[in-house]
Amino acid sequence: KRLTYLYATAAMKITAVATMAALALPSAVFGQRCYDRKQNTACRNPEKVFKIVRDIDKDECKYLCTTYPGSMTCYGYEYNYPLERCELHSSEVSAGKSSKDVDCYIGRKCDEDNSKHSATYTKIDGKACKAPSSAPPARKIYGVNSDECKRICTRDPTSENPDCVGFEYGGDRNQPCELYSKGKIKGGKKKKDYNCWVKN
């Protein structure tokens, strides 16, 4: 019942509350970030403001939290290993209840340099991506927007998706972020509200 309440509350409050919280953030939370790991512990977020991203690995979860845009600054993240579920927390976070196979990472300022993760893309409007020999995407990730999809592709290589060459993204969050990692992709069939982003 508590989990149901948390998800429902987060869905209603995430836009308004997170924006308000970001406006009041101290300067120390911006810029480079490190994290203190609380093993087998869920994150506690009094404001109950967080975003769920599924089917990504722990490093990608960390990267999304570290590079989150200012309007949704991330204070920490929770990662569920069996479910490959990432929770990005947009207000002050602390260690909560014990939870098997779940770790809470509490953010703090540090000297870690994330500027090396950068790339440019060519956007092909209104088309799906086409890979050599019509190969399927290497991975599909649900629950992210186009900017988050781009940042995951930019951050690679990872062990699960080395050398991301581009991605396809649909018109809403119900459609997956599709990451391609083999050969040079290009625009394929016309697809309304879809775009293919080719890494330069």
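Reply:
**Paired charges**

R151 is buried, with a relative accessible area of 10%, where buried means under 20% relative accessible area, exposed means over 50%, and partly exposed lies in between (1.4 Å probe, protein chains only). This is a predicted model, in which local features need pLDDT of at least 70 and side-chain atom pairs count only at pLDDT 80 or more, while totals for chains, interfaces and linings use all residues. Residues are numbered from 1 along each chain as its sequence is written, and side-chain values use heavy atoms, with hydrogens and water left out.

The side chain of R151 meets that of D147 in a salt bridge at 3.0 Å, N to O, a term that stands for a side-chain nitrogen of Lys or Arg within 4 Å of a carboxyl oxygen of Asp or Glu. Because they lie four residues apart in helix α3 (residues 146-155), D147 and R151 are separated by about one helical turn; helices (H or I, at least four residues) and strands (E, at least two) are DSSP runs, numbered from the N terminus. D147, for its part, is partly exposed at 34%.

The structure holds nine salt bridges, and another of them joins the side chains of R37 and D103 at 2.7 Å, N to O. That pair links distant parts of the chain, with R37 in strand β1 (residues 33-38) and D103 in strand β7 (residues 102-109), 66 residues apart. R37 is partly exposed, with a relative accessible area of 45%, whereas D103 is buried at 2%.
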